[in-house]
Amino acid sequence: MASLVLEDLRKSFGPVAVLHGIDLCLASGEMLVIVGASGCGKSTLLRLVAGLEVPTAGRILLDGRDLAPLDPAARDIAMVFQNYALYPHMSVFDNMAYGLRIRGMPKPEIRARVGEAAAMLGLAELLSRKPRQLSGGQRQRVAMGRAIVRQPKLFLFDEPLSNLDAKLRVQMRAEIKRLQRRMGVTSLYVTHDQVEAMTLGDRLLVLHEGKPVQLATPMEVFERPADTYVGGFIGAPAMNFLPATLLAGGGAVRLAWGEVLPFADGARAGAEGRKLSIGIRPEHVAVVAAGTALQIDLIEPLGSETVVIGRLPDGELLSVKIAGPAPAGEQMHLHLAPEHLHVFDAGSGLRLDPAT
Amino acid sequence: MKGRTDWAAHIVLCIGVAAFLLPIWLVFASSTLSAAAVQRGELTFIPRLSGFGVYYRVLTEPSAGTGPAWRMLMVSASMALAIAVGKIVISVLSAYAIAFFRFPFRLTAFWIIFITLMLPVEVRIIPTYMVMSELGIINTFTGLTVPLIASATATLLFRQTFLAVPDELFEAARMDGAGPLRFLWDILLPVSSANIAALFVILFVYGWNQYLWPLLVATNPKLDTVVIGIVKMISTESLTQWNRVMATAVLALAPPIVVVLAMQRWFVKGLTEGEK
């Protein structure tokens, strides 16, 4: 059953269009991660659903009910803010209980709900503390607790982990996922961090300049990016793009320095000489004894892996991720495996799949 | 600082403190002299224990030209309180509207308030008097306080304080179901309490020190503030009883000092601390 449905949702601030028609359908209990660079409209999308902004056009339905006439408080939605937005003068308990009190819930029930959420989040000992006496991770938990006690139909997360240090972020990421699974509440999660997006989402929506570019499972987004933007955005280090031209018959391309690469998965449509962009991820470039030469420019050891950035025969930069330590010497030889190539149109940037 | 006393700084500090305190101490000590002694031009730095009765007399008995000081102190205190509280209430509400809501002519409203900064009571005293007179509230407590209440400075100050409050707090409260007044009361006021306390101190002293407006609008001796009372005590035709004048002046100093001391902690916090 569809829980949250967005129909052609648009938002403009004055003459500036921020969202150009988002259509979305979330299954009940699903966690959808909206990912994109800063300014792509992802936070605006969240705020429209929350009711903090009014859409320019389009509809938002939650469990079949149109949310347009409803106040943020009446929408049965809870939101976790980026800076947590805890009430600084209230204790942890009061922070979590505030929304319930306003709704006129009887005191024993409030106490029960807050107690339950606090136990779930490991906050039971901290209920009488003020937010400023808490660490970043604890504040983050209180913000989650405030959302949980409401028992809403929908959770909204607005980059909730971006104010935490790297280690805590990994820990809280796992915790959020576990909680969301356990509570089974439909969730929209906004982030610019592609690792968060990959690990948390049941599905990803990649936004680029206010337009939805791809909506798919994390693995599909990674394996079959819809265009060069998605290809370059998801995955670290970023995907390499090499300019190329299609050969007659569409079964292979010629790279800028003359090397010919066949397609492993079938011919692409188009006339001979069609301009293409060939994408290959750094981890898919194989190091071999003899092959394409790469002049090594920069070596970034990551411990278990090493990223080597070098120049191809035509002067283009290419990054390669290899297991183990960096190779000796100033040159190495590469093999671009045909089964790992992504083919995009050079003009539009769109993915080109084999003609069937 | 390395824990060593910086003697030069210390001496400058002591001189500063002396410059402020000595005149007040001189007034306090000399108020215990007899009226005749002060008349002869005697002043003292050593208070006479026998002369402290003047404070009791000043408080309870009418002096030449005025009523008893307790009455004037009450008028002053009520006026200062009414002005401080009234200003805070009005400016919190207007600043809240300007800082958190979008409505037509919001900026216009803000600028109109802003412009009144250039028109303090002293400048518009004649028209204000005329308005009060036409409203028939000359010589009333209302007439004494209301024109001093509307305040651009406080509105500006609260606007700045409120702008520093993160929008997310407002939005979080909205999602929690708090309406605008509820947010103001439950969250915004507690969050800005230090600023409110600081402003209260400043406004209380401002109200306490008012001279021109009370002089003009309240001719009824029952509405004499202590500041007006002191002036009246000096300008009587009969002999000025300087020891009484000085005792009243010392009494007039006390309430603002009490307010400052009582709210000192909040006051400093409100002036120095921003958000967080």
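The exercises below, each with a worked solution, concern a predicted model.

**Exercise 1. Backbone exceptions in chain A**

Task: Find which residues a cis peptide bond joins, and state where A:Pro237 lies.

Solution: 
- The cis bond is between A:Ala236 and A:Pro237, with omega about -10 degrees.
- A:Pro237 sits in the loop that runs between helix H8 (228-233) and strand E11 (240-246) of chain A.

**Exercise 2. Two helices of chain B**

Task: Describe how H4(B) and helix H7 (residues 141-149) of chain B cross, and list the residues that meet.

Solution: 
- The two axes come within 9 Å and cross at roughly 40 degrees.
- H4(B) is therefore oblique to H7(B), since angles under 35 degrees would count as roughly parallel.
- The crossing of H4(B) past H7(B) is right-handed.
- From H4(B), the contact takes in B:Val75, B:Ser78, B:Met79, B:Ala82, B:Ile83, B:Gly86, B:Lys87 and B:Ile90.
- H7(B) supplies B:Phe141, B:Leu144, B:Thr145, B:Leu148 and B:Ile149.
- Sorted by class, this contact of H4(B) with H7(B) has nine nonpolar, three polar and one charged residues.

**Exercise 3. A sheet in chain A**

Task: Give the strand order of the five-strand open sheet, name its edge strands, and find the bridge partner of A:Gly310 in E18(A).

Solution: 
- The order is E15-E19-E16-E17-E18 in chain A, with antiparallel pairing.
- Strand E15 (285-288) and strand E18 (317-323) of chain A are the edges, because each pairs on one side only.
- Neighbouring strands of the sheet are turned against each other by 50 degrees on average, direction ignored.
- Strand E17 (residues 305-311) of chain A runs antiparallel to E18(A), and seven bridges join them.
- A:Gly310 has A:Leu318 in E18(A) as its bridge partner.

How values were computed. Residues numbered from 1 in each chain as written. Chains lettered and ligands numbered in written order. Predicted model: local features only at pLDDT ≥ 70, side-chain atom pairs only at ≥ 80, totals over all residues. Heavy atoms only, no water. Helix = DSSP H or I, 4+ residues; strand = E, 2+ residues; numbered from the N terminus. Axes fitted to C-alpha atoms, helices over the stretch in contact; angles between N-to-C directions. Parallel < 35°, antiparallel > 145°, perpendicular 65-115°, else oblique. Left-handed = near helix turned anticlockwise from the far one by under 90°. Contact = heavy atoms within 4.5 Å. Nonpolar A, V, L, I, M, F, W, Y, C, P; charged D, E, K, R; others polar. Pairing = 2+ DSSP bridges.
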